[in-house]
Amino acid sequence: MWLYEFEGSDLFRREGIPVPDYALATSPQDARQKAEEMGLPVVVKAQVLTGGRGLAGGVQVAESLDQVETVTKRILDLKIKNLPVRQVMIARKVEVVRELYVGVTVDGYNGTPVVILSTAGGVSIEEMARDHPEQVISRLIPILQGLSLDEAEQLVREAGLDGEDGAQVAGIVCALYDLFRKHDAMVAEINPLVRTTDGTYLALDAKVEIDDESLFRHPEFKEASENNVLTPLEQKARQIGVTYVELDGEIAIIASGAGLGMATMDIVGQKLRPANFMETGGGITADLLYNTMDLVLQKEGVKAIFINLYGGVNRMHEGAKGVVRYMKEHEVNVPVVAKAVGNYQKETWEIFEGGGVTVIKEVATEKGIELLARLLEEKK
Amino acid sequence: MSILLNRETRVLVQGITGSVGRVQAKWMLDYGTNIVAGVTPGKEGEVVEGVPVYNTVADSVAQQGVTASVIMVPPFAIKKAILEAIEAGLELIVVITEHVPVHDIMELRAIAKERGTRIIGSNSPGIITPGEAKMGIMPGIVFSPGRIGIISRSGTLSYEASANLSNVGLGQSTMVGIGGEPVIFSSMTEMLELFENDPGTDLVLLLGEVGGSQEEKAAEFIAQKMTKPVVACIVGYNAPDGKRMGHAGALVHGSMGTQQGKVAALRQAGVPVATHLLEVVDLVQKCL
């Protein structure tokens, strides 16, 4: 779960990472008032959960209160990568003499936290690693030992920072690492970390992702507003308890596992176009599949449904009852093809066939999609 | 021959009295797995499907000589369950449980590495050595005994690939589900090394998906160390940027973790990569 910049900044402030003065605003008038209290000039920043807001015009400097109003209005009217801007951050503008990058993230392969530091801040870390690998220093942190201030100081020395600068940045690196651990972060990133003309270091952006699986022990994030990045159908899927990713095509997919779901999506994509990726995980019940039928059919333009199930941990025959019940209660005018292999497959086939679902009694998903394509052709 | 698991392995089920644990214990027993004990704290003295239940892993080791555990406890209990299994000195731990926090996995992984305990998962369908035993939730009927080793990041993907292979008489030596999380306990590369050294395996099938760098690292290992043929299939060609595709670890981030990148790395290492699941069968037949 990604946090908004202001949520990340709140966290930074709480954990001892210095940030400039900032306030949130939801209207031009509100922004004017906040800027007046803070003092000019200010930077007005769109609060959206996506990168590239600068290029999209979502970050603007305002020198006067009138300008704060006009700039805020312009930013609130923006859509950045299809996401509406509902609020802006008003931050005091600081004079920057140098920009750094500091990040802590999970090194998936080594299974341990990694601290990344670069003297070329401001651009994305991927670009940095590609264009200036010599300026990027990374260090795997043994999680059971953690990161000491001494080690952090050594790390920043390698990046060419010593004396007072080194001490400040090392302190920030340690605070960021502690924040990462304490709040179950997947990513905690300051880009840029800047040195101002008076020699202090400030975090000018806050990018923090919290591990979804850890939210049970972080109730403070549970109510956070990340649902903003999900489409309405994706939000609905989350309520039902399945994973759904909206795509551009016409063939709806219901699969009982992530890998199978992706494989199905790929196979559909060879000749037709998938309307969605959807997988149930291991908790199939009649109600769950009833709800997923409703979900995938809410997408406009769906021309067929392909159901792809394996009975390992999943009780497919229970799920089939839900599909059939849905079709009995609703007018489903598109072909529904199902493949079901594993425990209870015979029972599952009987239930599907009794309820108007076309069953493909083969193993290969390719055969099922061929059948579905034929049914679509016949329908034309 | 096989890797990690055979009909003699003395298996413990942690969480055997839960709703999933009970059903799965029965199916594992029906398959022939040598389940000798179950553990649920506070349930000592119960018997599930003829299997005695103990309060602690240490008790199950002392009483039944357990060497391997398959864990099916809820996420909130997982950290304690894994720690207990490590401390009891087990050789192999298979974690089926899904939704384990990543920081917990990182800590437990570090402890397991220090102790030399092999852990598979989390969010794994388990391990099956067809015709002998299974520690996990996979449907036994799609697998058949044979000489192809399978390493998969996804349960359902391994089921379909195995069923396709079984249909044409190509059985499997062992299938290991390494798990769909961003951080897993044992890597694809470690499993490749086990299959390379297993006299019962002639060819290894890698089933990958978008996200992370398991496949890229595996490609390096294959180019440098593998003498046995490897075939791969990587799913998620159409996965959009920034969306988790069902598994927490299945995430494309910009140019990182894409299906296309993984396919290129594997092909560079000389591995034939199938563009869809059924093509795996043709490629395996060609490479044998």
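What distance separates the centres of domain 1 of chain B and domain 2 of chain B, taken over C-alpha atoms? In this predicted model, the separation is 26 Å. The two domains of chain B span residues 11-120 for domain 1 and 138-287 for domain 2. Their contact involves 9 residues of domain 1 and 8 residues of domain 2 of chain B. On the domain 1 side, helix 4 (102-115) and strand 7 (118-120) of chain B each contribute at least two residues. Helix 4 of chain B provides the largest share, with 5 residues. By class, this side of domain 1 of chain B comprises 7 nonpolar residues, 2 charged residues and no polar ones.

Further along chain B, 7 strands form an open sheet with mixed pairing, in the order 9-8-11-10-12-13-14. Strand 9 (133-136) and strand 14 (273-274) of chain B each have a single partner strand and stand at the edges, so one side of each is left without a neighbour in the sheet. Within this sheet, strand 12 (residues 203-209) and strand 13 (residues 230-235) of chain B run parallel and are joined by 6 bridges. In that pairing, Glu209(B) is placed opposite Val235(B) of strand 13 of chain B.

The helices beside these strands may be considered next. Helix 6 of chain B lies across strand 10 (145-152), strand 11 (172-177) and strand 12 of chain B, and runs at about 165° to strand 10 of chain B. Helix 6 (residues 188-196) of chain B also packs with helix 7 (residues 214-225) of chain B, at an angle of about 35° and with the axes 8 Å apart. The crossing of these two helices of chain B is right-handed. From helix 6 of chain B, the residues in contact are Met188(B), Thr189(B), Leu192(B) and Glu196(B). Their counterparts in helix 7 of chain B include Ala218(B), Phe221(B) and Ile222(B). The contact between helix 6 and helix 7 of chain B has 5 nonpolar, 2 polar and 4 charged residues.

Chain A has 13 helices and 18 strands. Its C-alpha atoms fill a box of roughly 75 × 50 × 40 Å along the principal axes. Of its 380 residues, 45% count as buried. Among contacts in chain A with a separation of 6 or more, 66% are between residues 24 or more positions apart. Chain A is assigned three domains, namely domain 1 (21-92), domain 2 (96-222) and domain 3 (230-379). The C-alpha centres of domain 2 and domain 3 of chain A are 43 Å apart.

Strand 14 (residues 251-255) of chain A runs parallel to strand 16 of chain A and is joined to it by 5 bridges. Here the bridge partner of Ile253(A) is Phe306(A). Strand 17 of chain A also runs parallel to strand 16 of chain A, with 7 bridges between them. In this second pairing, Gly311(A) stands opposite Gly342(A).

Strand 16 (304-311) and strand 17 (336-342) of chain A are also among the elements that each supply at least two residues to the side of chain A that touches chain B. The contact between the chains takes 48 residues from chain A and 56 residues from chain B. Helix 9 of chain A gives the most to the chain A side, with 11 residues. That side has 23 nonpolar, 17 polar and 8 charged residues.

Some details of the backbone remain. Most residues other than glycine have a negative phi, and most peptide bonds are trans. The bond joining Asn191(A) and Pro192(A) is cis, with omega about 10°, and Pro192(A) is in strand 10 (residues 185-196) of chain A. The peptide bond from Gly121(B) to Ser122(B) is likewise cis, with omega near 5°. Ser122(B) belongs to the loop between strand 7 and strand 8 (126-129) of chain B. Leu4(B) has a positive phi, near 65°, and lies in the segment before strand 1 (11-14) of chain B. Leu4(B) counts as buried because it has 20 C-beta neighbours inside 10 Å. Glu49(B) has a positive phi near 50° and is found in the loop between strand 3 (47-48) and strand 4 (51-54) of chain B. With 16 C-beta neighbours inside 10 Å, Glu49(B) counts as partly exposed.

Definitions and conventions: Residues are numbered from 1 along each chain as its sequence is written. Chains are lettered from A and ligands numbered from 1 in the order in which they are written. This is a predicted model: local features need pLDDT of at least 70, side-chain atom pairs count only at pLDDT 80 or more; totals for chains, interfaces and linings use all residues. Axes are lines fitted to C-alpha atoms, for helices over the stretch in contact, and angles run from 0 to 180 degrees between N-to-C directions. Helices (H or I, at least four residues) and strands (E, at least two) are DSSP runs, numbered from the N terminus. A crossing is left-handed if the near helix is turned anticlockwise from the far one by less than a right angle, and right-handed if clockwise. Two residues are in contact if their C-beta atoms, placed from the backbone, lie within 7 Å. Ala, Val, Leu, Ile, Met, Phe, Trp, Tyr, Cys and Pro count as nonpolar, Asp, Glu, Lys and Arg as charged, and the others, Gly among them, as polar. Two strands pair if DSSP finds at least two bridges between them. Domain bounds come from an automatic or database domain assignment. A residue is buried if 20 or more other C-beta atoms lie within 10 Å of its own, exposed if 12 or fewer, and partly exposed in between; C-beta atoms are placed from the backbone.
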